[in-house]
Amino acid sequence: MSREILEKIFYKALKKVQADSIIKDNISLKGRSLKIVDKEIDLKKINSLYVFGVGKAAYAMAKECENILKNEIKGGVIVSTTTGELNYLKHFKSTHPEVTTKSLEAANLLFDEVAKMSENDYFIFLLSGGASAMIEKPIEDLSLEDFIKASSSLLTSGIDIKALNTIRKSISQIKGGKLANKIKAKGQVLVLSDVIGDDLNIIGSAPMNNGEFEHHLIGNNSIALNEAKSYCEQLVEKVEIVTTTLDSSSLEAAKFIAEIIKKYDKKYSSYALLFGGETTTTVKSKGGFGGRNQELALRLLLEGVLEKELSILCAGSDGIDGKSDATGAFIDFEIIKKIEEKKLDAKEFLEKSDSNTFFKSLGYDFVTGLTGTNVMDFVIVLKKGE
């Protein structure tokens, strides 16, 4: 089944950027010599080692850090949306994508904990997507209630993540390097990118990017899709990573992908096309369920790209797609018959921003649960041939 192959391709990409892989690839300990990316730190020459982290992948990344560093870790705090406890670190469960009082509590906790470090201490800071909502401290004279209203309006406005995070930084006391300003110790920041172009000023609204601490990009969409490409090369005649910077509305993205499919149909009997990035969508109805990936799949369906041997998966790497339990959706030639049997109107669901209800009723929603990582979204187009 093409759906099973699409899932395998998705999980190949995902595995490459999950916490156990990226942390093992970038942190190692031999005796009391700590290696972070390409830098060696002699733990005998520092006072205490701390680990901090914020984002969707922070808990899983911290868990792997604990496996490697164990009791060398003397303190620190991790903020994520995961439920669970850590052995050597405080773990605070915050919220995403909405900013809440939990976000404020998390920010205050981080400020308190980083302030405990002295000049002779050393830290590792783990930053991943979702941090923008999980930690927040509004500027003075702006109440949390007003900040939440502004954030909620921005989230459903359809603006891209760069514009969103720029506005967030301007009304925050923790974003844009302002957390880093409170730190006296030396340290490094390990970054899992969830933004187009991997801009360190944008990822997680850059709480640690004040110019003083080295940032290392250890995982992104490109790394994930290259792993998927290697796997696909044994399956089809032609494999192409079309882009890792898909950055447009779901409508424009669907038209772009449809045009690429037409071009490859003329040249190859079997192929895999890989797209990475993050589309935008404007929520037209608050009663609907779904997100940008399921909406993109719905728009591709309406573009009429499907033929007998073609199947597509649109999915988020974090396991979440808007207001739904799914991370994305499949489409293939057989879905057309099922739509007719159930007498569903795809355009009607699109207008209601209710793509999840549409795909769920057909059994075409893709549910993974939280993945513990976040490198934006994947679109996998597969034509297996006769």
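Reader: Is serine 205 buried or exposed?
Author: This is a predicted model. Serine 205 sits in the loop between β9 (186–192) and β10 (214–219). Its relative accessibility is 0%, and buried means under 20%. Serine 205 therefore counts as buried.

Reader: What is the phi of serine 205?
Author: Serine 205 is not a glycine. Even so, its phi is positive. The value is about 60°.

Reader: Where is serine 353, and what is its phi?
Author: Serine 353 is found in the loop between α12 (346–351) and α13 (355–362). Its relative accessible area is 13%, so serine 353 is buried. Its phi is positive, in a residue other than glycine. The value is near 50°.

Reader: Which residues does serine 21 contact, leaving aside its neighbours within four places in sequence?
Author: Serine 21 lies in helix α2 (residues 19–26). At 16% relative accessibility, serine 21 counts as buried. With those neighbours set aside, its contacts are Lys15 and Lys16.

Reader: Which two residues does a cis peptide bond join?
Author: The proline of this pair lies in the loop between β7 (90–93) and α4 (101–114). Omega is about 5° at the bond. The residues joined are histidine 96 and proline 97.

Reader: How many residues of strand β4 are buried?
Author: In a regular strand the side chains alternate between the two faces of the sheet. On one side of β4, Leu49, Val51 and Gly53 are buried. On the other, Tyr50, Phe52 and Val54 are buried too. For β4 (residues 49–54), the count is 6 of 6.

Reader: Which residue of β5 stands opposite tyrosine 50?
Author: Strand β4 is joined to β5 (residues 73–75) by 2 bridges. The two strands run parallel. Across from tyrosine 50 stands glycine 75.

Reader: Which residue of β15 stands opposite glycine 328?
Author: Strand β14 (residues 328–332) pairs with β15 over 2 bridges. The sense is antiparallel. Opposite glycine 328 stands phenylalanine 366.

Reader: How many aromatic pairs are there?
Author: Rings pair if their centres lie within 6.5 Å. By this rule, the count of aromatic pairs is 12.

Reader: Why is the pair of phenylalanine 256 and phenylalanine 275 edge-to-face?
Author: The ring centres of phenylalanine 256 and phenylalanine 275 are 6.1 Å apart. Planes over 60 degrees apart count as edge-to-face. This pair is edge-to-face because its planes stand at 85°.

Reader: How far apart in sequence are the parts that this pair ties together?
Author: Phenylalanine 256 lies in helix α9 (residues 250–267), and phenylalanine 275 in strand β12 (residues 271–277). Phenylalanine 256 is partly exposed, at 34% relative accessible area. Phenylalanine 275 counts as buried, at 1%. The pair therefore ties together parts whose separation in sequence is 19 residues.

Reader: Which residues form one aromatic cluster?
Author: Phenylalanine 366 is the residue opposite glycine 328. Phe366 also belongs to an aromatic cluster. Its members are Phe10, Tyr11, Phe330, Phe366 and Phe378.

Reader: Over which rings do arginine 3 and lysine 323 lie?
Author: The charged end of arginine 3 is 4.5 Å from the centre of its ring. For lysine 323, the distance to the ring centre is 5.1 Å. Arginine 3 sits over tyrosine 364, and lysine 323 over the face of phenylalanine 289.

Reader: What is the radius of gyration of the chain?
Author: The chain holds 13 helices and 16 strands. The globule rule gives 21 Å for 386 residues. The chain is close to that, so it is as compact as a globular protein of that length. Its radius of gyration is 22 Å.

Reader: What share of the residues in the chain is buried?
Author: The accessible surface of the chain comes to about 16600 Å², with 47% belonging to carbon and sulfur atoms. Among contacts with a separation of 6 or more, 78% join residues 24 or more positions apart. Of the 386 residues, the buried share is 54%.

Note on methods. Residues are numbered from 1 along each chain as its sequence is written. This is a predicted model: local features need pLDDT of at least 70, side-chain atom pairs count only at pLDDT 80 or more; totals for chains, interfaces and linings use all residues. Side-chain values use heavy atoms; hydrogens and water are left out. Rings of Phe, Tyr and Trp (its six-membered ring) pair if their centres lie within 6.5 Å; planes under 30 degrees apart count as stacked, over 60 as edge-to-face and the rest as tilted. Helices (H or I, at least four residues) and strands (E, at least two) are DSSP runs, numbered from the N terminus. Buried means under 20% relative accessible area, exposed over 50%, partly exposed in between (1.4 Å probe, protein chains only). A charge sits over a ring if NZ of Lys or CZ of Arg is within 6 Å of the ring centre and within 35 degrees of the ring normal. The radius of gyration is taken over C-alpha atoms; the globule rule is 2.2 Å times the number of residues to the power 0.38. Contact means heavy atoms within 4.5 Å. Accessible areas come from the Shrake-Rupley method with a 1.4 Å probe; for residues, only the protein chains shown count as cover. Two strands pair if DSSP finds at least two bridges between them.
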